[in-house]
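Reader: I have a structure to look through and I'm new to this. Can we go through it in short steps?

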Amino acid sequence: MIKKNKVAIVGAGQVGATTAYTLAVKGLVSELVIIDINTDKAKGEALDINHGMPFLNPAKIYAGTYQDTKDAEVVIITAGLPRRPGQSRRDLIHSNNRIVQDIVKQLNTHADDPVIIVATNPVDLMALTAQRTSKQPKEKVFGSGTLLDTARFRFTLAQNCHIEARSIQADIIGEHGEGEIPVWSLANISGVPMATYCSICNRICESQKREQIFLEVRDAGMEVIKKKGATYYAIALTLTRLAEAVLKDEHSVLTVSMHINGYLGIYDVSMGLPAVIGSGGIQKTIELPLNQQEREDFIATSAVLKELARDMEEFTP
Ligand code: NAD
């Protein structure tokens, strides 16, 4: 049987449309359906990409309905309100919770066996909603989590250390947003621990540099929103990378928001941790050997997310 590489994107806004474009440009899909409550927006985005088809790998790209998700291998959820300048991702909880619930219920009815990737913010809580609502097993439902933050972390370190970003191994874990944690203890350049590399490097960094880098990474999304109104290129590349790992059964280690069941004594929250991603979604969780401070920070973030999840369940209209 020929593999279809079919992806559905729900939400044809800035993030969804840019993800559709990125998937098409990278030639990763043979079929791509775009779904939005604003059907004209979905049709317009599909048409705009189709007009570039002579320059792309052939693919069937169209605006559709949930019935078209039946044989999708991957469904990416990008529907929902985005942040405005000054807003926290957590401010979007109630409006977006209802939207994600409704979408996943539709997928339960129409989609046979998809891997569901959530981008809608606050992404860790929306991933939890999707995991709780979906008929799919938890390993098939995850959020983009801190993968975008991890990319921003590697980019910022790359700039700082004058090293190409792909040569840097460094993760952000925890919550995408306020409760994110840089794993400095395991960060390395080609296997050389960051602290050792600093002594090899001729450039002198002031002692507060790490904190400055972290804050820049944590607040990067709002910086972009303040300047251009929204973020969509880097998140589209992030979602495309995740879809690629699933479609090609890559066994790539990527940091996603996964359902946590026992790690550090934490249960029933969704948080960013590295996982082996391939066909069927999360194939294995990587339990990072964090230092004491990182463990404490991760547990503290989980407690905040649990509280927000309780509030979300109680108060979503
Ligand atoms: P946008 O306003 O441009 O697009 C949202 C789209 O969702 C609109 O086209 C709207 O019609 C559609 N929509 C709303 N309710 C729907 C429903 N029930 N079913 C189908 N479609 C529906 O917003 P955007 O900039 O594309 O952002 C989308 C989401 O992605 C936001 O929540 C934003 O915060 C989030 N985001 C996440 C990350 C991340 O790292 N996880 C990064 C950037 C943005």
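Reader: Where does L264 sit?
Author: L264 is in the loop between strand 12 (252-261) and strand 13 (267-278). Strands here are DSSP runs of E, at least two residues long, and helices are runs of H or I, at least four long, both numbered from the N terminus. This is a predicted model, where local features need pLDDT of at least 70, side-chain atom pairs count only at pLDDT 80 or more, and totals for chains, interfaces and linings use all residues. Residues are numbered from 1 along each chain as its sequence is written, and side-chain values use heavy atoms, with hydrogens and water left out.

Reader: What is the phi of L264?
Author: Phi is positive, about 55°, although L264 is not a glycine.

Reader: Which residue other than glycine has a phi near 50°?
Author: S190, and that value is positive. S190 lies in the loop between strand 10 (188-189) and strand 11 (192-193). S190 is exposed, because its relative accessible area is 67%.

Reader: Which peptide bond is cis?
Author: The bond from N121 to P122, with omega near -5°. P122 is in the loop between strand 5 (115-118) and helix 4.

Reader: OK, new topic. Which residues come nearest to the ligand?
Author: V15, D36, L81, A119 and N121, out of 25 residues around the ligand. A residue counts as near if one of its heavy atoms lies within 4 Å.

Reader: What kinds of residues are in that shell?
Author: There are 13 nonpolar, 10 polar and two charged. Ala, Val, Leu, Ile, Met, Phe, Trp, Tyr, Cys and Pro count as nonpolar; Asp, Glu, Lys and Arg as charged; the others, Gly among them, as polar.

Reader: Which helices each supply at least two residues of the shell?
Author: Helix 1 (14-25) and helix 3 (93-110). Helix 3 gives the largest share, three residues.

Reader: Let's switch to cavities. How many are there of 30 Å³ or more?
Author: One. The largest cavity holds about 30 Å³ of space. A cavity is a set of points, on a 1 Å grid over the protein atoms alone, where a 1.4 Å probe fits but cannot get out; lining residues have an atom within 4 Å of a point. Points are joined across faces, edges and corners, and the volume is the space filled by probe spheres set on them.

Reader: Which residues line the largest cavity?
Author: R89, R90, P122, V123, D124, L125, E175, H176 and L305. Four are nonpolar, one is polar and four are charged. Helix 4 (residues 123-133) gives the most, with three residues.

Reader: How many residues of helix 4 are buried?
Author: 10 of its 11, so helix 4 is mostly covered. V123, D124 and L125 are among them. T129 is also buried.

Reader: What does the side chain of N97 contact?
Author: The side chain of T129, in a polar contact at 2.6 Å. A polar contact is a pair of N or O atoms within 3.5 Å; within protein, one must be able to donate a hydrogen and the other to accept it, and residues adjacent in sequence count only if both atoms are side-chain atoms. N97 lies in helix 3. N97 is buried, because its relative accessibility is 2%.

Reader: Where is E244?
Author: E244 lies in helix 9 (residues 233-247). E244 is buried, with a relative accessible area of 12%. Its side chain makes a polar contact with the side chain of R241 at 3.2 Å.

Methods. 1 Å grid on protein atoms, 1.4 Å probe; cavity = no way out; pocket = protein on both sides within 12 Å on 5 of 7 lines; lining within 4 Å. Buried < 20%, exposed > 50% of the residue type's maximum accessible area, 1.4 Å probe, protein only.
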